[in-house]
Every structure is written in structure tokens, then in C-alpha cells.
Amino acid sequence: MDFRIMDLDGPLVSTLQQMMDVSDEAEKSFNAPTRTYVRDAKAMASTPADVKEEPKSYVFIIDMPGLKSGDIKVQLEDDNVLLISGERKREEKEGAKYLRMERRVGKFMRKFVLPENANTDAISAVCQDGVLTVTVEKLPPPEPKKPKTIEVKIP
């Protein structure tokens, strides 16, 4: 808002106007996404995954052609978030130049919130023939509660 239009052009009004301008800029910077957030969002968007439920487990399948086990991380965050991440690097050779670059390189990441019946102590990961398969076993269903019988006393 420009107070000069209203013929209020004193030092107090000028100071108020500067404070309002600074707060607008500060608000924009607080609401702007961080570089880390943008990088992670791009990595997640470019990492397709299949998720299937089997009778005794949940299975997460992600294509990882050409990656070694050291390039892939499978972690558990906050006790119920499965995080699959890593990085694919481009092979560089002296004197060689690419004529076409179509294979994806860079960081990849996916996060999955696990259901309540996921057994986070029984997670396994296998990468075979360029396909990562992460299996999270299910907890057994809880036993149905039996009605509690209360003995009736007659005095």
C-alpha cells in the first residue's frame, strides 16, 4: 500500500511502509520451497514403483538397472516410513562424448507410509537382475477378544 497517494509522507509513515514491504518479502521467502525439497520432489516423481499386497506381506518393486547394492539405500524413518533412495551416476571416459543421453541419472527416492499391520522388524530387500524387491511382512491379526465372564455373587 502506498501511503504517499493519501498525502501521508512523513517519517513515521515511511518507516511503517518499509516494515510492511519487509514482511511481504519475508513471507515469500518462508513460503518458498527449499532446494532440498524441490530436489527430493523431483527424485520421487521420477522413481516409479509397484506396490502389492500379498496374504502375509507388502511388496515394493522398483526397477534399478545397472545399480550396485552400494548405490541403493533402504531405510525405515519414524518407525513407519519406508525410504528407498540412492543415486545413478553417468560413466565418464576420457575422449568419449555422448551422442544421445536418454537413460536417467541422478538421485532417486521414494517414501511409503507403512500400514499399521506392517512388521517393521521383518523387512528384507533383494536386488536381482536390476529389480529391487523390498518385502515387509505383516503382523499376525490380533486375537479376537473373548468376552470376560464376571461371576455373580449372591449374598
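Predicted model: local features only at pLDDT ≥ 70, side-chain atom pairs only at ≥ 80, totals over all residues.
The secondary structure of the protein chain consists of two helices and seven strands. Along the sequence, these elements follow the order α-α-β-β-β-β-β-β-β. The protein chain has 155 residues, of which 21% are classed as buried. Where contacts link residues at least 6 apart in sequence, 52% of them join residues at least 24 apart.

An open sheet is built from three strands, arranged in the order 3-4-5 with antiparallel pairing. Six bridges connect strand 3 with strand 4 in the antiparallel sense. Within this part of the structure, I72 has G86 of strand 4 as its bridge partner.

Strand 4 spans residues 81–88 and includes R88. The residue R88 is buried but takes part in no salt bridge. For a salt bridge, a side-chain nitrogen of Lys or Arg would have to lie within 4 Å of a carboxyl oxygen of Asp or Glu; the nearest side chain of opposite charge to R88 is that of D71, at a distance of 7.5 Å. The side chain of R88 instead approaches a backbone atom, with the oxygen of P65 at 2.8 Å. When residues up to four places away in sequence are set aside, the contacts of R88 comprise M64, P65 and L67, together with R104, V105, G106 and F108.

Strand 7 pairs with strand 2 (residues 57–63) through seven bridges in an antiparallel arrangement, and D63 is placed opposite V131 of strand 7. Strand 6 (residues 118–128) is likewise joined to strand 7 by seven bridges, and these two strands also run antiparallel. In this second pairing, V126 is located opposite T133 of strand 7. Strand 6 and strand 7 form a hairpin with two residues between the strands, and D129 in this hairpin adopts a positive phi near 55°.

Notes: Residues numbered from 1 in each chain as written. Heavy atoms only, no water. Helix = DSSP H or I, 4+ residues; strand = E, 2+ residues; numbered from the N terminus. Buried < 20%, exposed > 50% of the residue type's maximum accessible area, 1.4 Å probe, protein only. Lys, Arg positive; Asp, Glu negative; His and termini not counted. Polar contact = N/O pair within 3.5 Å; in protein donor to acceptor, adjacent residues only side chain to side chain. Contact = heavy atoms within 4.5 Å. Pairing = 2+ DSSP bridges.
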